[in-house]
Amino acid sequence: MSSDSAVVVRGLAKSYGAVSAVRGVDFDIAAGETFALLGPNGAGKSTTIEILEGYRHRTAGQVTVLGVDPASGGTAWKARLGIVLQTSAEAPNVTVREQLTHFARFYPARRDVDEVIAAVGLTEKARTRVRNLSGGQRRRLDVALGVIGRPEVLFLDEPTTGFDPEARRQFWELIRSLKREGTTILLTTHYLDEAAQLSDRAAVIGQGRLIAMGAIDELGGPSARIPIVRWRDASGTERSERTENPASLVARLAAEAGGEPVALEVVRPNLEDIYFDLVHEANEAAEVSR
Ligand SMILES: Nc1ncnc2c1ncn2[C@@H]1O[C@H](COP(=O)(O)OP(=O)(O)OP(=O)(O)O)[C@@H](O)[C@H]1O
């Protein structure tokens, strides 16, 4: 186990009765790294993250967060973590500022409450009772509560669900500033553009198993990134070819067509395309082995 890893996960497994939610997962997150855990609904992401937070007990495997086993982490360890769970547990009758001021007291290295309120775009709602916030505004408060203690490790479980596009961009800026301060971040999200924007590395998990892991611009390997050229041939049939040298292929097609090929497109697979390929391949492999 590397000593500069903030999070170490080895052979992690979790069953809920007959349901095997996590089936032997291994990964490390280096200090200061942003790591995205991606996967379809029910893949085991929240289960994994909640075990790391100390909210769930594992069935098997070894886990450390900041060198501590979450199953036995005490108050001092918890004060070094920031947690944004999928479900929020705010007090409905207090105001945004009251709630943050209350929670800030638990943390020795707390941030300034008004700065955090501004960073999540809730300044105009600082005196509003939590029950009167919209869904997206509550989610922003969840994020504010997660960062108020200046955590060394921040867990974000689908943090931007319900955010409007501007709030999501604002959240990205907040995360980038936390990264610059050296915060280690574990993020789950179904927004693959968000994962691509924020993460250094990502793991794709499906049916409780790791399908792929790597740097965000290397996930799936080089073959997953080969550009696709699409066009219609002389008979009007849709054609496509994957090639490392799209310019040469386009030049050849143009020469053959005696001009611009019909419906020509050069597509470079993005993270979402690569993710779909990985998940479909894993599903097919699982079907075959059944
Ligand atoms: N408390 C529980 N009791 C029984 N089964 C559970 C429990 N929590 C989760 N599961 C099951 O474990 C599996 C993994 O769930 P988990 O919530 O970890 O998935 P996820 O990847 O976070 O999904 P999502 O993207 O929908 O949040 C699912 O099949 C789910 O039904």
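Me: As I understand it, a residue is buried if 20 or more other C-beta atoms lie within 10 Å of its own, exposed if 12 or fewer, and partly exposed in between, with C-beta atoms placed from the backbone. How much of the chain counts as buried?

Reply: Of its 290 residues, 35% are buried. Keep in mind that this is a predicted model, where local features need pLDDT of at least 70 and side-chain atom pairs count only at pLDDT 80 or more, while totals for chains, interfaces and linings use all residues. Numbering starts from 1 along each chain as its sequence is written.

Me: Thanks! How many helices and strands are there?

Reply: There are 9 helices and 12 strands. These are DSSP runs numbered from the N terminus: H or I with at least four residues for helices, E with at least two for strands. The C-alpha trace spans about 70 × 45 × 35 Å along its principal axes.

Me: Which domains does it have?

Reply: An automatic or database domain assignment sets the bounds. It gives domain 1 (1-80 + 152-168 + 179-217), domain 2 (87-149) and domain 3 (222-289). The C-alpha centres of domain 2 and domain 3 are 47 Å apart.

Me: On to the ligand. Which residues surround it?

Reply: Tyr-16, Val-19, Ala-21, Gly-39, Asn-41, Gly-42, Ala-43, Gly-44, Lys-45, Ser-46 and Thr-47 do.

Me: Where is Gly-208 found?

Reply: Gly-208 sits in the loop between β8 and β9, and it is buried because 22 other C-beta atoms lie within 10 Å. Its C-alpha is 8.4 Å from that of Gly-42, though the two are 166 residues apart in sequence.

Me: What is Gly-208 in contact with, leaving aside neighbours within four places in sequence?

Reply: Ser-20, Ala-21, Val-22, Arg-23 and Gly-44. In contact means that the C-beta atoms of two residues, placed from the backbone, lie within 7 Å.

Me: New topic: helix α9. Which of its residues are buried?

Reply: Leu-271, Ile-274, Tyr-275, Leu-278, Val-279 and Ala-282 are. They fall within an arc of 130° seen down the axis of α9, so they line one face of the helix. The arc is that of the directions from the helix axis to the C-beta atoms. On the other side, Phe-276, His-280, Glu-284, Glu-287 and Val-288 are exposed.

Me: What covers the buried residues of α9?

Reply: The cover includes β3 (34-38), α7 (192-198), β8 (201-206) and β9 (209-215).

Me: What about helix α3, which residues are buried there?

Reply: In α3 (residues 96-104), Val-96, Gln-99 and Leu-100 are buried. They cover an arc of only 95° around the axis, which puts them on the same side of α3. They pack against α4 (113-119) and α5 (135-147).

Me: Last one: what is the phi of Arg-150?

Reply: Arg-150 has a positive phi of about 50° although it is not a glycine. It lies in the loop between α5 and β6 (153-157).

Conventions: A residue is near a molecule or strand if its C-beta atom, placed from the backbone, lies within 6 Å of it.
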